[in-house]
Amino acid sequence: MADIRLIEVKEEILADNDKLAGEIRERLRAKKIFMLNLMASPGGGKTSLIIETLRGLKDSVRTAVIEGDIDSIVDAEKVVQEGVPAVQLRTGGACHLDAVMVEMALREMDLDALDLIIVENIGNLVCPAEFDTGAVRNVMILSVPEGDDKPLKYPLMFTVCDALVVNKIDYLAIADFDMKVLKERVLKLNPKIRIFETSCRTGEGISAWIEWLKDEVMNFKK
Amino acid sequence: MHELPVTEDILKVVLRHAEEARAGKVISVSLRIGELSDIIDEWLQRYFDYLSKGTLAEGATLRVERMPVIFRCEGCGESFRVKIREVKDIVCPACGEGKATFVSGREFFIKNIEVI
């Protein structure tokens, strides 16, 4: 009988994706384009926040959007109505965007005419957390109706994000949602995370989010 | 949920190493995955069995070593394990301090393979 040999592999499982994501980051850095990866559950308000953000930035930051969606183009159509270029990635069932898909979208974009690219990831708090897209900032939305226990259920997502937007705060009066407890839970997993409280419906808190993003983009371009 | 693309990546790395070593067959693959990952071991194996058909790795067993989630207390500096899906709050078992920072538990790594 043949001898069993042990071969040391010692490789990250997602090494190929991480390498391509690093290359994308370098390429966009050379062109001074800030790429933001926006993640949330389905219905958390990703598209609504993007629309509000585009309106807030339209006179100061040249923006484009990469829309990830399992099988539709409705979100991209809403973005284009705002006069902003959008590339739709239909993943055909995949539950997240990865660096290869983002690279495909970038090939369709005029990178010399942009300061900011917003990637709207697939609606899901699990899988997108594992895959580096090449963005320089990861942002997640948690909407009030989802509950303040989500950091306990999806801890990885909260550890990989630079900012958390708590959206739909107009629901706070009727929801069993404790903002103080949520913040404690989130800051424990990730002490450096920035937290914004917004309602895309009433417009409350949106300007603080937009100011932060604008500062991040401007500092990046320096 | 994303076990399929992850399994494709695992198989790719395994086959590359098996071919470099001129192996006849892969017997097992040892992985190290942090408890923060939502990967389900049973699905990894099912997808691996499906994807590896007709390759050197057909029939190989995946062995997953789960790495615990570790936090460090900001009060006394003690490192402690957190069963992240069971706890409601993260509190240092040594001093009862509520402030702690995340140390490890996100590993996603192929350790080694056994071949003949």
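This section describes the two chains of a predicted model, the contact between them, and selected local features.

Chain A contains eight helices and eight strands. Its radius of gyration is 18 Å, in agreement with the value near 17 Å that a compact globule of 222 residues would have. Along the principal axes, the C-alpha atoms of chain A occupy a box of roughly 70 × 45 × 35 Å. Of the 222 residues in this chain, 47% count as buried. When contacts in chain A between residues at least 6 apart in sequence are considered, 74% link residues at least 24 apart.

Chain B has two helices and six strands, arranged along the sequence in the pattern α-β-α-β-β-β-β-β. The globule rule gives 13 Å for 116 residues, whereas the radius of gyration of chain B is 18 Å, well over that value, so chain B is more spread out than a compact globule. The C-alpha trace of chain B spans about 55 × 25 × 15 Å along its principal axes. Buried residues account for 32% of the 116 residues of chain B. Among contacts in chain B between residues at least 6 apart in sequence, those joining residues at least 24 apart make up 74%.

The contact between the chains involves 26 residues from chain A and 29 residues from chain B. On the side of chain A that touches chain B, β1 (5-12), α6 (155-160) and α7 (179-189) of chain A each supply at least two residues. The most is given by β1(A), with eight residues. By class, this side of chain A comprises 15 nonpolar, two polar and nine charged residues. Strand pairing also links the two chains: β1(A) and strand β6 (residues 108-115) of chain B run antiparallel and are joined by six bridges. Within this pairing, A:Leu6 stands opposite B:Glu114 of β6(B).

Helix α1 of chain B covers residues 3-20. The distance from the first C-alpha of this 18-residue helix to its last is 26 Å, close to the expected 26 Å at 1.5 Å a residue. The buried residues of α1(B) are B:Glu3, B:Val6, B:Thr7, B:Ile10, B:Val14, B:His17 and B:Ala18. These residues cover an arc of only 100° around the axis, which places them on the same side of α1(B). An α-helix has 3.6 residues a turn, so residues three or four places apart point the same way. On the other side of α1(B), the residues B:Arg16, B:Glu19 and B:Glu20 are exposed. The cover over the buried residues of α1(B) draws on both chains, and includes β1 of chain A as well as β1 (26-34), α2 (41-51) and β6 of chain B.

A:Lys32 is exposed, because 12 other C-beta atoms lie within 10 Å, and a residue counts as exposed at 12 or fewer. In chain B, B:Arg22 follows α1(B) with a positive phi near 50°. B:Arg22 is located in the loop between α1 and β1 of chain B. With 7 C-beta neighbours inside 10 Å, B:Arg22 also counts as exposed.

Terms used
Residues numbered from 1 in each chain as written. Chains lettered and ligands numbered in written order. Predicted model: local features only at pLDDT ≥ 70, side-chain atom pairs only at ≥ 80, totals over all residues. Contact = placed C-beta atoms within 7 Å. Helix = DSSP H or I, 4+ residues; strand = E, 2+ residues; numbered from the N terminus. Nonpolar A, V, L, I, M, F, W, Y, C, P; charged D, E, K, R; others polar. Pairing = 2+ DSSP bridges. Rg over C-alpha atoms; globule rule 2.2 N^0.38 Å. Buried ≥ 20, exposed ≤ 12 C-beta atoms within 10 Å, placed from the backbone. Expected span 1.5 Å × (residues − 1). Arc of directions from axis to C-beta.
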